[in-house]
Amino acid sequence: MRIRLKLLAGLVLATLAGVSNAQGSDWPNRPIKIVVGFAAGTPPDIFARLYGDYASRKLGVPVVIDNKPGAAGNLATDAVAKAPADGYTFLYNLSTAFTINPFIYSKLPFDPQKDLVPVATTMRQGLVLIGKPALEAKSARDLVTAAKAKPGTISHASYGAGSPSHLIMEWMKEETGTDMVHVPYRSSPVPDVMGGQVDTVMEPIATAFPLIKDGKVQALAYSGPARFAALPNVPTLAETVPGLTMMSWHGIWAASATPGAIVDRFNAVFVEASKDADVSKRIRDLNSEPLGASRTEMAAMVRRDADIYGRIVKAKNIRID
């Protein structure tokens, strides 16, 4: 009888321990891996390491960065979607992996809405519509006027079909009824903008700002909701086309079955990191903005951007596979 009671007690304790572990009460007790969808040294990798170092100090365990570049972040997303949902594997990716990729790829090996959940945001930055030095248009409004006067004569480069630099310009063309020529690139088109081979490109502020400051390109408009503080004389796109606002941002995701308590804890650490003086300064020094959003806010950001990008992709029938 006593043996049976001991066995029963052991089963109860084991069950309780399993429930406790499933709820993440002892998390973390070993290294955490963050899979980054881009190569070492790229902006996503830099920011992932910055936040990962902060999380490691706060959680008391190593946070290891695992770079898995390829297919615009899809390889990393797929790896995390299929990883154990135990709170020890997270995804660091551009928001576009969830707001653009589901529309421009005909088939993905994962369901971005069902297989992964938003965990935390890290940073955001707007894009600047920059023009070649000799471009006569000095603002987005001038560019629209010129494009209407001479349809098909102004070119806009991009980082490839379906990239934000492409879709934001397609959005502007759609809203203004203008005809400009899209020139997709496989690498940065900025050298050709500086050289005058193409007229314009939507470029992230982090890389555009030094070029604007040195007079190598012109700044025509900023994509953020308000003017960029360091470029107070550059109007927003929304000042020409009301409602045309888009930011590029990074975030953390996890496999959908990851315990909520773990996801909430990881979110809290990343929100705290975005408010940290040192982390914030390092992000702002890169002409970006720390972004500590709640999980609910992050989910809303995904829905908002996906609604806009999805509509443009479908309207223009853009596919890359």
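Is Glu289 buried, exposed or partly exposed? Glu289 is partly exposed, with a relative accessible area of 28%. Good morning, colleagues. The structure before you is a predicted model, and I shall begin with the residue just named and its partner.

Glu289 meets the side chain of Arg124 in a salt bridge, with a distance of 3.1 Å from N to O. Arg124 belongs to strand E4, residues 116-131, and Glu289 to strand E10, residues 289-290, so this pair ties together parts of the chain that are 165 residues apart in sequence. Arg124 is likewise partly exposed, with a relative accessible area of 25%.

By the rule applied here, the model has 15 salt bridges. Another of these joins Asp199 and Lys132, whose closest N and O atoms are 2.8 Å apart. This pair also links distant parts of the chain, 67 residues apart: Asp199 sits in the loop between helix H8 and strand E7, while Lys132 sits in the loop between strand E4 and helix H6. Here both partners, Asp199 and Lys132, are buried. A further salt bridge is formed by the side chains of Lys281 and Asp285, at 2.8 Å from N to O.

I turn now to a pair of helices. How do helix H7 and helix H12 lie relative to each other? The axes of H7, residues 164-176, and H12, residues 295-316, come within 10 Å and cross at roughly 75°. The two helices are therefore roughly perpendicular to each other. On the H7 side, the residues in contact include Leu167, Ile168, Trp171 and Glu174; on the H12 side, they include Arg304, Ile308, Tyr309 and Lys316. The residues of this contact divide into 9 nonpolar, no polar and 6 charged.

Lastly, I would draw your attention to a loop residue. Thr236 is found between strand E8, residues 218-222, and strand E9, residues 247-255. Is Thr236 buried or exposed? Its relative accessibility is 4%, and because burial means a value under 20%, Thr236 counts as buried. Leaving aside residues up to four places away in sequence, Thr236 touches Ala221, Tyr222, Gly224, Pro225, Ala226 and Arg227.

Thank you for your attention.

Key. Residues numbered from 1 in each chain as written. Predicted model: local features only at pLDDT ≥ 70, side-chain atom pairs only at ≥ 80, totals over all residues. Heavy atoms only, no water. Axes fitted to C-alpha atoms, helices over the stretch in contact; angles between N-to-C directions. Helix = DSSP H or I, 4+ residues; strand = E, 2+ residues; numbered from the N terminus. Parallel < 35°, antiparallel > 145°, perpendicular 65-115°, else oblique. Contact = heavy atoms within 4.5 Å. Nonpolar A, V, L, I, M, F, W, Y, C, P; charged D, E, K, R; others polar. Salt bridge = Lys/Arg side-chain N within 4 Å of Asp/Glu carboxyl O. Buried < 20%, exposed > 50% of the residue type's maximum accessible area, 1.4 Å probe, protein only.
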